[in-house]
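Here's a quick briefing for anyone meeting this structure for the first time. Have a look at the sequence and the model, then read on.

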Amino acid sequence: MTLSPSTGGHSVSAQIVWAAAVLAVCLAVVVVVSVSWAMERIDDRALAEQRQTITASLFEARARMAADQAATMVSIGEITSETDELDRRLTTALGHDRAYILTPEGKVLRASVEGRFAGKVFTLADSFVLQPIIDRLRLRIARAAFDDPSLRFNDAAGLLALRTVGFADSGQGFVSIRPIGGTASKLSDEHLLISIKLIDQTMLHDIGKQFGIANLRRVSHPTSAGWVPVTNHDGDILTYLVWTPSKPAQALLGEVAPALAVMLLMVGLAMAALLLWLRRTSLTMEASRAHATYFALHDPLTGLANRALFETRLKQAKDYEFLAETKVLLISVDIDRFKEINDSWGHAAGDQLLREIAKRLMIEMPEEATVARLGGDEFAIIHPGILSEGQARWICQRLIQYVRPPLTIGSERIDVTLSLGAALVKGNEVTPEEILRRADVALYCAKLAGRDGFALYDPEMDREKRERRTLEIELRNALLTGEGLHLVYQPIYGSLSGKIAGAEALIRWMHPARGLLSPDYFIALAEECDIIDPLGEWVLREACQFAVSSNLPRIAVNVSPVQFQNARLAERILTILTETGLAPDRLEVEITEGVLLQNSPQMQETLRTLRQAGVSIALDDFGTGYASISYLRSYAVDKLKIDKSYSQLVGADPAVGHIVRLMIETARALGMRVTAEGVENEDQRRKLTDMGCTYLQGYLFARPLAPEDLRDALSRDLSQKLA
């Protein structure tokens, strides 16, 4: 049987039609599948970006709590106040919902809820959640053999008690626990600040608004493609966050759908358009990722590298290769007296100061160097390719000089100096950690040398630091036992009467191994190690007891500028006067010009309280610092003590004599008495007396005397008076 032509032709054409149809369908399917696959990938990447953004936002909010707590200044007096000012600072000002302050025994001293004072107890729901955390924290502290510094300064982790927890009454939130005060010798003796920030709808709305995430909310079970779990410290899921995922690919497809329908056969052009669209979307995502990566590696306040990028760059610097053999220079940078500036001018001024310092460091450093902010006022600079120690010293000196010009903060001009510690090593010589340690040791030595300078690491510094630590322990032991510490007294004589009008108490330390140590040496150590307060109280008590037992007309005691940072200084001085029985008008507190230059309300109140009680204030070493007449008028100092560098030249240098005369006349015009220190010969005594000095002190009259020798001198004065 043969096929008819019509039958055979229809079959072939049908096959062609079918083949063409299948080919067309296959091409359409390929296009649709390709477009669908690309759309899904783009939407998935957008969804992943949203998940990462939400997770990072929660982590940042959680980490910021510890930083907020560390920057919050709380005094004991504020804790006991029932006003809402402290409550606003502890909660609403920081974006926190609730806060509690606990005693070392676990008692609630203050509860703050949404900016208001809420009594002295936990809420029931908070007690249920917080008590186990506090108990575990207390147990950890109690089990520690020593007071572990990592518990006190463990970065953003607080006391390892920064947690995400669930609250029975209000959902989920973050809890952060940190010590406050920083004055206790043991961490277990410090008060604790507990802050709670709820993951509420307001917080989620702010995150969604900031990053363009729609309908972000909490649910017990995820029902949307966009969700992330919120877990606690143990990894248990507390809740889920869901949102409406953005679908940039579908939105774009809706815009180009008409064109794609018309131009379906033009596959090449459609693919080119699709590739162009994919490229544009990819670039947008890459830009978003680069933005997120930048802030993950840079300090948000100054724009400098943060600690993570600093550590990476330090490792890279060790592997740099240059044509000649070079070394890596690491500089640790500290702003001198930053805390005083921050306390005096406020945190906003402190932040502006940090930005200005960062800008000057960046301008001064070359492109291959890395400037980083490691935290607080602590900066670090990595400078590879250093050829010699002289080049390293030149770089450090230029940095110090470049920062010295005054900075304008708001409407004020502030003088700022830096202390630098530098370590210069070969790339493969030591580990990055050791380089940083050496730079920190050098920085420590630079501060000891008086600040506003730099020190380049030398192995001898490690030995000196160990010896200084040993000396600190020995000074603490001497203060506890009283062994080796004693006072001597240098008499102060009336310029006209020639009689003893008082004496200045001077501390001495007879070290069992080192012999007699200079006060300049161990007083600076006491100030640095935070034992100047108990040492100063010991000196004051001993001096007052001697004055009472010897009938000395007046006793003068030096008070360190560091002691004036203690708000209870005036209270402690007046308490010791009461305990020893010394009348306040027989005590003279000697301060330096640096105390006046602090110009803080606390310091002003301390001086005012002492003077109102009858204690005299003497300005020691006048003429060696920066105190002006305006300072003398503002603080109403009772006596000026002219520094010995002027007294000893008063007869030899006419210019110095003229300056001293002006000092005395200025003091008398302000109603102050004047003591000249360091008088060593008759010519000086005669000229200073003629100029109008009220009192004289120096080796011409007497060196510092032991208590029994001063009693003898007082007896001789009394005998001559009776005769």
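Let's start with Tyr493, which is buried at a relative accessible area of 12% (buried means under 20%, exposed over 50%, partly exposed in between, with a 1.4 Å probe and protein chains only). This is a predicted model, where local features need pLDDT of at least 70, side-chain atom pairs count only at pLDDT 80 or more, and totals for chains, interfaces and linings use all residues. Residues are numbered from 1 along each chain as its sequence is written, and side-chain values use heavy atoms, leaving out hydrogens and water.

**Aromatic pairs**
- Rings of Phe, Tyr and Trp (its six-membered ring) pair if their centres lie within 6.5 Å; planes under 30 degrees apart are stacked, over 60 edge-to-face, and the rest tilted.
- That rule gives five aromatic pairs.
- One of them is Tyr493 with Phe701, stacked at 5.2 Å centre to centre with 25° between the planes.
- Tyr493 sits in strand S17 (residues 485-494) and Phe701 in the loop between strand S25 (695-696) and helix H24 (707-722), so the pair ties together parts 208 residues apart in sequence (helices, H or I, have at least four residues and strands, E, at least two, as DSSP runs numbered from the N terminus).
- Phe701 is partly exposed, at 25% relative accessibility.
- Trp509 and Phe522 make an edge-to-face pair, with centres 5.6 Å apart and planes at 85°.
- Both Trp509 and Phe522 are buried.

**A sheet**
- Three strands form an open, antiparallel sheet in the order S7-S9-S8 (two strands pair if DSSP finds at least two bridges between them).
- The edge strands are S7 (214-219) and S8 (226-231).
- Six bridges join S8 to S9 (residues 237-244), and Val230 has Thr239 in S9 as its bridge partner.
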